[in-house]
Amino acid sequence: MAVDELDTRILRLLIEQPRTSVREYARILGVARGTLQARLDRLERTGVITGSGPVLSPAALGHPVLAFVHIEVTQGRLDEVGEALATVPEIVEAFSITGGGDLLTRVVARDAGHLEDVIQQLIRLPGVVRTRTEVALRERVAHRLLPLVESVGRAARKP
């Protein structure tokens, strides 16, 4: 979907001021409320905006350890293992990947011992051949999309 300059300004506001009302967004942007609502509806319908809930901190929820676990899966069992991963609450994301392994998961844990327990649970899943774990030491760049949004907006302005 093509994102134009107004879409970029809307997305920036949503990221920077997520608790502001639609009416206030329209006032800030200098557009009619109906125009803004139509743009928001289109951005949601086309999948640019995928949610609007709060961003939660696993660390604040008592799970400060973050690890990336690569999982090698028996051929033909990727879907089955993916479904099983969805039942493990400490797995906050899982992706099919190329390269070393078949799946990459983002796992949170209370401490190193809890992380080991989660990994052992993964190893016991039918279809899991082996795992490889990398523990994150410190976040260097927080999850962000605003620089991408701005880049897309700049590209849309170029003739």
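Asp7 and Arg42 form a salt bridge, with their closest N and O atoms 2.8 Å apart. A salt bridge here is a side-chain nitrogen of Lys or Arg within 4 Å of a carboxyl oxygen of Asp or Glu. The pair joins distant parts of the chain, since Asp7 lies in helix α1 and Arg42 in helix α3, 35 residues apart. Helices (H or I, at least four residues) and strands (E, at least two) are DSSP runs, numbered from the N terminus. Asp7 is buried, at a relative accessible area of 1%, whereas Arg42 is partly exposed, at 22%. Buried means under 20% relative accessible area, exposed over 50%, and partly exposed in between (1.4 Å probe, protein chains only).

The model is predicted: local features need pLDDT of at least 70 and side-chain atom pairs count only at pLDDT 80 or more, while totals for chains, interfaces and linings use all residues. Residues are numbered from 1 along each chain as its sequence is written, and side-chain values use heavy atoms, with hydrogens and water left out.

**Salt bridges**

By the rule given above, the count comes to 10 salt bridges. Asp7 and Arg42 also belong to a network of salt bridges that links them with Asp4 and Arg39. Arg12 takes part in two of the pairs tabulated below, one with Glu16 and one with Glu150.

| Pair | Closest N and O atoms |
|---|---|
| Asp7 and Arg42 | 2.8 Å |
| Arg12 and Glu16 | 2.2 Å |
| Glu150 and Arg12 | 1.8 Å |

Arg12 and Glu16 are 4 residues apart in helix α1, so about one helical turn separates them. Arg12 is partly exposed, with 31% relative accessibility. Glu150 counts as partly exposed at 22%, and Glu16 as partly exposed at 43%. Glu16 and Gln75 are 59 residues apart in sequence and 44 Å apart in space, C-alpha to C-alpha.

**Helix packing**

Helices α1 and α3 pack at an angle of about 85°, and their axes are 11 Å apart. That makes α1 roughly perpendicular to α3. Axes are lines fitted to C-alpha atoms, for helices over the stretch in contact, and angles run from 0 to 180 degrees between N-to-C directions. Angles under 35 degrees count as roughly parallel, over 145 as roughly antiparallel, 65 to 115 as roughly perpendicular and the rest as oblique. On the α1 side, Leu6, Asp7, Ile10, Leu11 and Leu14 meet Thr35, Leu36, Arg39, Leu40, Arg42 and Leu43 of α3. Contact means heavy atoms within 4.5 Å.

Val31 sits in the loop between α2 and α3. At 22% relative accessibility, Val31 counts as partly exposed. Apart from neighbours within four places in sequence, Val31 is in contact with Leu6, Ala26 and Leu36. Val31 and Ile15 are 16 residues apart in sequence and 18 Å apart in space, C-alpha to C-alpha.

Ile15 is found in helix α1 (residues 5–16) and is partly exposed, with a relative accessible area of 42%. Together with Leu145, Leu148 and Val152, Ile15 makes a nonpolar surface patch of about 340 Å². Patches are made of residues with over 30% relative accessible area and no salt bridge: like charges are joined within 9 Å, and nonpolar side chains (Val, Leu, Ile, Met, Phe, Trp, Tyr) within 5 Å. Accessible areas come from the Shrake-Rupley method with a 1.4 Å probe; for residues, only the protein chains shown count as cover.

His70 is located in strand β1 (residues 65–73). With 13% relative accessibility, His70 counts as buried. Leaving out neighbours within four places in sequence, His70 is in contact with Ile97, Gly100, Leu103, Leu104, Arg130, Thr131, Arg132 and Glu134.
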